[in-house]
Amino acid sequence: MHLYIHIPFCDSKCGYCAFFSKINQDDLIAPYFDALLKDLKHQIEYFNIKKLSSIFVGGGTPNFVDSKYYDKIFEVLKPLCIADCEITLESNPNLLKESWLLHLKNLGLNRLSLGVQSFYADKLNMLERNHSIRDILHAFEIAHKHLSNISLDLIYDCKLDSKIRLEQEILNAINLKVNHISAYSLSIDPSSRFGKKKRYELQSNDGFGEFIKICLENHGFNQYEVSNFAYRNKCRHNLGYWRGNEYLGIGVSAVGRIRDIRYYTSPNLQNYIRNPLKKEKEYLSKKDLEFENIFLGLRSEIGVDKTILNKNKLKIVLDEGLCHESNQRIYSNNFFIADSLSLYLS
């Protein structure tokens, strides 16, 4: 079983961010963690959870919150973690403190995901990131003292990007000796603050995905999902999603799936604190689950069982070299067109 925990608190709100996050809500941190604990205990008991193979704490900004708030959460989780349970926390470079990292490491943290996004000051400013190049270097200096499994996030397809600049971004990331890079094409969600701006002011039309892929592969980073590249230590938590495994979702605006039921917690922070056990349920049909398997499988190295694909259309994409077959499973030859393939083959 996989577990996702959402921490919604931030020191600033990036203009492109469409995830549920709040600023200036520090007074709600303590009651929120009380609600998290109640939610966690209830789901573990209700679903009879005996083992956890991965835990991912995302946000928001998990390292905005004092490390002491995680004590009771991990007191409940530790007995359920398998021996090599992957435990990831997302962090922002400007807020990473050595005392915080050591505390979380003692609780079980063994993987850190740092939201770098760029090594250029003008691009960080455009993206409204609240950290500097110096913050990035300092954060990695701290992280490498205590952890070996470190991931870094980059954003591309910005108006300021060029091949020369992006190649330098990748070199900077490689030089920090990370073993995993998540590279995301900038997307402007209508619900984000950037969504109110004109798209052409922020996004590049060049489409640098293939260029990013080639650069990273030249440095030994293998693409195993459309946005994820591993030198070693692929993210086992995300692989669980792409394999169609069940997962728990804890926290405001979190999502979980057990068998054929997807459940949603409240998307309102105060309402979640008042009643963290309230969930909205969505009952998934066999067709729903199959489409989800196709969509997630084709955009990653997981692939798809060929028996759930349209046979006539499958022959066409195989003949055209868009996919290949191995051991009765179908794999996309280009993850960047996987969404279109999924719609065509389902």
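Me: Before anything else, if contact means heavy atoms within 4.5 Å, what percentage of the contacts in the chain with a separation of 6 or more comes from residues 24 or more positions apart?

Reply: Such residues account for 70% of those contacts. Keep in mind that this is a predicted model, in which local features need pLDDT of at least 70 and side-chain atom pairs count only at pLDDT 80 or more, whereas totals for chains, interfaces and linings use all residues. Residues are numbered from 1 along each chain as its sequence is written, and side-chain values use heavy atoms, with hydrogens and water left out.

Me: How many aromatic pairs are there, and by what rule?

Reply: Rings of Phe, Tyr and Trp (its six-membered ring) pair if their centres lie within 6.5 Å, and planes under 30 degrees apart count as stacked, over 60 as edge-to-face and the rest as tilted. By this rule there are 12 aromatic pairs. In one of them, the ring centres of phenylalanine 33 and tyrosine 70 are 5.3 Å apart with the planes at 85°, so this pair is edge-to-face.

Me: Where do phenylalanine 33 and tyrosine 70 lie?

Reply: Helices (H or I, at least four residues) and strands (E, at least two) are DSSP runs, numbered from the N terminus. Phenylalanine 33 belongs to helix α1 (residues 29-46), while tyrosine 70 sits in the loop between β2 (52-59) and α2 (71-77), so the pair ties together parts 37 residues apart in sequence.

Me: Is phenylalanine 33 buried or exposed?

Reply: Buried means under 20% relative accessible area, exposed over 50%, and partly exposed in between (1.4 Å probe, protein chains only). Phenylalanine 33, at 5%, counts as buried, and tyrosine 70, at 2%, is buried too.

Notes. Contact = heavy atoms within 4.5 Å.
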